[in-house]
Amino acid sequence: MTQPQQTGPDQLAFQQYRTLLFSVAYRLLGTAADAEDVVQDAWLKWSAADRSQVADPKAYLTRIVSNLAMERLRSTRHQRETYVGPWLPEPILTGPDTSDGVAAADSVSMALLVVLETLSPLERAVFVLKEVFAFSYVEIAEAVERSETAVRQAAHRARGHVQARRPRFTADRARQREVTERFFAATTGGDINTLMELLSPDVTLWTDGGGKVRQALKPVVGLETVARWFAGLGTVTYQGIEPGHMRAELTWINGGPGVVFRGPDRVVATLTFDFDPEGRISTIHNVANPDKLHAVADGARHESLWPPSGIPVSARARCRSTARAQVEADAAG
């Protein structure tokens, strides 16, 4: 993104909220490239606006980004519906989560971003602004240019949809890291027995090659099938890269432990994981479309995506603790 060259109060105001704007845009769009484009467009709109009439720069900029992102979602929906094979979000490198940041880290996880893809653009924007960034319904209504009643209805639909498709349970982050490390060792060593121990019985592997590299066009389902898939990785040539020239490394991707595969001159693929209540791997997301690996290849680490910039810890905690109560209240009335 082109950075403002001046350091006046208007430029500084934009820079103050830039991380927040990217955080919103990425969760709404699922791609770092599109999120950067939206933030750049927001900067152009901010530069051209009569800022003397802007009472709240944060709200004003959030409104710009939310509407630009929703417009882009609508325009790209057909492309995603006709995509070759499963469409997965673009992975980004992140930092290790903290105890306070677990919920926010989960909000940028590959698993949740996949679920958010099934929402309408309005539902997705409302869900992200309310559940992740703790904006009030009044603030969201202004941001998405809808009535407060419409926003509450969209929030209710979105929460129900997300909870139905992504049940929540107490996440043992240390256990997840341990399982990922053991999975990494077993995969690089071809240890199918250990893989069978680490995977859930109904584990599902989603692969995204976008029709540009060889990948499964349908989800790979089942313990033995997925275990054999990964046990054989170190014995086959992939994308012209011999097994001995392929390098794998553990790192942090989308708020959790993940794996990056590299060839001599490029990033080849990433793996991210979702876990069942017993701590076993229930879902694996494998992104190999080269168009979606630029953010990882660039090496930029988005450590400030949580806690969300500008949102007090107390507000995030209040948002998390009241989420279930809000769902029940909406359902009752």
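Biologist: What makes the pairing of the Thr251 and Arg301 side chains a polar contact?

Modeller: A polar contact is a pair of N or O atoms within 3.5 Å; within protein, one must be able to donate a hydrogen and the other to accept it, and residues adjacent in sequence count only if both atoms are side-chain atoms. The two side chains meet at 3.0 Å, which is within 3.5 Å, so the pair qualifies. This is a predicted model: local features need pLDDT of at least 70, side-chain atom pairs count only at pLDDT 80 or more, and totals for chains, interfaces and linings use all residues. Residues are numbered from 1 along each chain as its sequence is written, and side-chain values use heavy atoms, with hydrogens and water left out.

Biologist: Is Thr251 buried or exposed, and how do you know?

Modeller: Buried means under 20% relative accessible area, exposed over 50%, and partly exposed in between (1.4 Å probe, protein chains only). Thr251 has 11%, therefore it counts as buried. The residue sits in strand 3 (residues 247-253); helices (H or I, at least four residues) and strands (E, at least two) are DSSP runs, numbered from the N terminus. Leaving aside neighbours within four places in sequence, Thr251 is in contact (heavy atoms within 4.5 Å) with residues including Leu93, Val260 and Arg301.

Biologist: Why is Thr62 called buried?

Modeller: Its relative accessible area is 1%, so Thr62 is buried. Thr62 belongs to helix 3 (residues 57-81), and its side chain reaches the backbone oxygen of Lys58 at 2.7 Å. Beyond its neighbours within four places in sequence, Thr62 is in contact with Leu20, Leu21, Leu129 and Phe135.

Biologist: What is the bend in helix 1, and where is it?

Modeller: Helix 1 bends by about 45 degrees at Tyr17, the bend being the angle between axes fitted to the seven residues ending there and the seven starting there. After helix 1 comes Gly30, whose phi is positive, near 80 degrees.

Biologist: Why is helix 1 described as mostly covered?

Modeller: Of its 21 residues, 15 are buried. Across the protein, 51% of the 333 residues count as buried.

Biologist: What makes a set of residues a nonpolar core?

Modeller: The members are buried Ala, Val, Leu, Ile, Met, Phe, Trp, Tyr and Cys residues joined through side-chain atoms within 4.5 Å. The largest such core has 54 residues, and Phe14, Tyr26, Leu116 and Val144 have the most contacts inside it. Helix 1 gives the most to this core, with eleven residues. A second, separate core of 28 residues includes Val179 and Phe183.

Biologist: Which label does each get, exposed or partly exposed?

Modeller: Ala134 has a relative accessible area of 27%, so it is partly exposed. Glu145 has 56%, so it is exposed.
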